[in-house]
Amino acid sequence: MNEVVILKKIHTLAIEQKENTKHGETFFPIQKYVTNLSRDYSGVTNHWHEEAELTLITSGKCTYQIDLLEYEAEEGDIIFVPPLFLHSINLGESKGANSETYVFHLKFLGGNSADICSTRYLAPIMNQEFVMPYVIKPSHPIYASLKKIFDQINTIYKESVVGYELALKSLLLQVVFLLLQYSKKISTSETEKLSDKIKNVLDYIEIHYAETITVSQLAKLCYFSDYHFMRFFKKHMNMTCVEYINNLRLEKAVELFEQGNSSIMEASLSVGFHNLSYFHRAFKKKYRMTPLSFINELKKYE
């Protein structure tokens with residue numbers, strides 16, 4: 001089943017991780033994810049969130065797109081995605097890739113405090129004022145230290161001994177410290193402007209997915225012609241805007257089913273599908289089972 005499955009404190013990150021996903025708890029905003037990509041499930045679509053990500057590629061190869069730029073990643077590489085940065089993953093020609101990721105909010109590290117650490121370092125990172133190393137390979141000067149810290153985080157997160165939250169906070173601050181040694185302040189660039197356009201479009205779709213959304217409406221958000229917008233969206237999202245909207249609607253339908261809604265017609269209409277047969281076809285293509293089969297599978301875990 002192509003969904004997020006909770007196992008103890010470790011989440012399996014499926015293709016549809018969305019920017020509005022809650023990572024961890026309010027007072028402990030950190031969550032571990034395990035991502036397994038294959039030829040069947042070959043990527044994580046472009047998204048962003050307020051949290052940062054620290055990832056270790058445990059096997060295979062893949063391509064990360066971070067703030068619209070592509071980076072090749074392979075087994076052993078460490079990936080850092082700052083807060084609010086658009087990012088996606090795809091396999092490309094690779095057969096598969098597996099990774100472990102910690103998603104954490106910088107406020108957990110003191111990002112919303114009034115001390116010098118927050119005002120000089122954490123707040124600027126949260127405000128995208130630094131260019132930081134995104135893919136840290138074994139040849140990088142800080143790699144050995146980062147890998148050691150990642151292994152420590154894994155052990156402490158798993159064992160959850162008394163005070164483990166303090167240890168995790170300390171280790172993640174060390175990660176930020178190491179990355180800052182190879183970071184620099186930046187000003188607004190053309191890439192950032194394009195990234196903001198994508199974010200505005202995705203925000204609009206997230207709010208209005210249950211309504212009729214036209215290409216012209218989305219194009220106007222970017223001040224593009226319809227033709228230019230369609231090319232722009234496909235280039236940066238690796239799918240058409242129609243495919244993206246339908247994908248989101250299907251994910252919303254799954255959420256309704258997981259919440260106990262067993263009316264397929266009601267779910268279809270509430271997420272924006274007004275043709276039930278089309279909803280069935282799209283659902284089966286994405287999840288490889290009918291909506292009814294999906295609901296029946298969920299009941300097995302009740």
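What share of the contacts in the protein with a separation of 6 or more is accounted for by residues 24 or more positions apart? In this predicted model, such pairs of residues contribute 68% of the contacts in that class.

Helix α2 was examined individually. This helix comprises 17 residues, spanning positions 143-159, and extends 24 Å from its first C-alpha to its last, which is close to the 24 Å expected at 1.5 Å a residue. The buried residues of α2 are Tyr 143, Leu 146, Ile 149, Phe 150, Ile 153, Asn 154 and Tyr 157. When the helix is viewed down its axis, these buried residues fall within an arc of 145°, and they therefore line one face of α2. Exposed residues, namely Ala 144, Lys 148 and Glu 159, are found on the other side of the helix.

The packing partners of the buried residues of α2 include both strands and a helix: β3 (30-38), β5 (52-66), β7 (78-81), β9 (96-104) and β11 (135-136) are contacted, as is α3 (164-180). Just after α2, the backbone at Ser 160 adopts a positive phi of about 50°.

Definitions and conventions. Residues numbered from 1 in each chain as written. Predicted model: local features only at pLDDT ≥ 70, side-chain atom pairs only at ≥ 80, totals over all residues. Heavy atoms only, no water. Contact = heavy atoms within 4.5 Å. Helix = DSSP H or I, 4+ residues; strand = E, 2+ residues; numbered from the N terminus. Expected span 1.5 Å × (residues − 1). Buried < 20%, exposed > 50% of the residue type's maximum accessible area, 1.4 Å probe, protein only. Arc of directions from axis to C-beta.
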